[in-house]
Amino acid sequence: MRAVNGVSETDLEGLNASPDSTGGTAKYGGVLWDGNGKNEDCSVRKEGLCVENNSSQEHEIIPHDKSSNGIGEKKREQSSFLTALGSLITESPRELWLVFLLKYMESYAYFVFSYTLILFLSEEFGLGDEQAGFVYGLYGMLVSVYGFLIGLVIDHLGVKWSLVCGTLLLFCSRMVLTVTDDFRVLSLILFGALPIGTAMGIPVMQIGIRRYTSEKSRSLGYSLFYVTMNLAAITAAPAIDAFHQAFPSGVTVRIGGGGKSS
């Protein structure tokens with residue numbers, strides 16, 4: 001908001017006044033108001049200043065206090081945040097915190113998988129960089145494609161069973177990836193089971209946030225939901241480095257006398 005010699009436009013509007021463009025005074029009808037709150041009926045004016053005063057009438061203008069208004073707004077924001085936080089802690093059911101836990105675990109697994117998928121395809125299945133990149137891109141695209149198609153299934157199963165089925169599908173798919181050396185099984189998982197499980201889980205978690213928060217705490221609930229995802233992304237990369245340092249040659253999983261190194 002622009003001020004004229006300390007007098008804000010808000011105060012001028014209250015007097016049906018408008019800023020004068022020539023000298024920093026304010027014009028109220030034919031009357032000029034200077035920065036000291038003086039009413040001056042000027043017949044001669046030079047460089048925005050009255051040089052001949054035809055009236056001695058004075059009126060006081062109370063300047064608009066911007067600093068106090070800003071402080072009040074900050075206090076209201078702080079009070080709103082504390083109210084939402086208190087409501088989230090005291091009123092939210094246990095299921096909300098389970099959703100946050102599941103979101104962290106799923107996001108952690110997703111980011112670890114995304115960071116290592118290219119190397120996994122190259123080292124374990126002998127794909128070149130371009131082929132591995134194509135598989136990675138197709139996998140990521142199918143997550144979005146299945147997300148559009150899976151909505152009807154989620155509506156039919158409901159929030160609880162959609163989340164259970166999606167989580168179990170993701171868990172089983174990732175377990176199979178650790179032991180398989182068949183590219184057909186890999187393709188079935190990457191282009192079918194994993195993106196379908198992801199499409200079933202993520203939207204349902206967002207529905208859960210809405211269901212298990214009140215109107216006062218809903219905005220904060222969604223904020224914490226995405227903070228949880230970012231926290232998982234931050235912790236995934238150091239965990240990969242720590243695992244490689246602890247097991248530089250990989251880990252061998254033996255099933256029925258066979259072996260699988262990863």
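How many aromatic pairs does the count come to by the ring rule, and what do some of them look like?

Author: This is a predicted model, in which local features need pLDDT of at least 70 and side-chain atom pairs count only at pLDDT 80 or more, while totals for chains, interfaces and linings use all residues. Residues are numbered from 1 along each chain as its sequence is written, and side-chain values use heavy atoms, with hydrogens and water left out.

The count comes to nine aromatic pairs. The rule is that rings of Phe, Tyr and Trp (its six-membered ring) pair if their centres lie within 6.5 Å; planes under 30 degrees apart are stacked, over 60 edge-to-face, and the rest tilted. One of the pairs is Tyr-104 with Tyr-108, which is stacked, at 6.2 Å centre to centre and 25° between the planes. These two tyrosines are about one helical turn apart, because they sit four residues from each other in helix α3 (residues 94–125). Helices here are DSSP runs of H or I with at least four residues, numbered from the N terminus. Tyr-104 has a relative accessible area of 26% and is partly exposed; Tyr-108, at 29%, is also partly exposed. On this scale buried means under 20% relative accessible area, exposed means over 50%, and partly exposed lies in between (1.4 Å probe, protein chains only).

Another pair is Phe-111 with Tyr-115, which is tilted, with 6.1 Å between centres and 35° between planes. Both lie in helix α3, again four residues and about one turn apart. Phe-111 counts as buried at 18% relative accessibility, whereas Tyr-115 is partly exposed at 41%. Ring pairs also bring in Tyr-110, linking Tyr-110, Phe-111 and Tyr-115 into a cluster.

A pocket is an open set of points on a 1 Å grid over the protein atoms alone, where a 1.4 Å probe fits, with protein on both sides within 12 Å along at least five of seven lines; lining residues have an atom within 4 Å of a point. The largest pocket holds about 1,300 Å³ of space, a volume being the space filled by probe spheres set on the points, which are joined across faces, edges and corners. Of its 38 lining residues, Ala-109, Val-112, Phe-113, Thr-116 and Thr-178 lie nearest the centre. Helices α3, α5, α6 (183–211) and α7 (218–246) each supply at least two residues of the lining.
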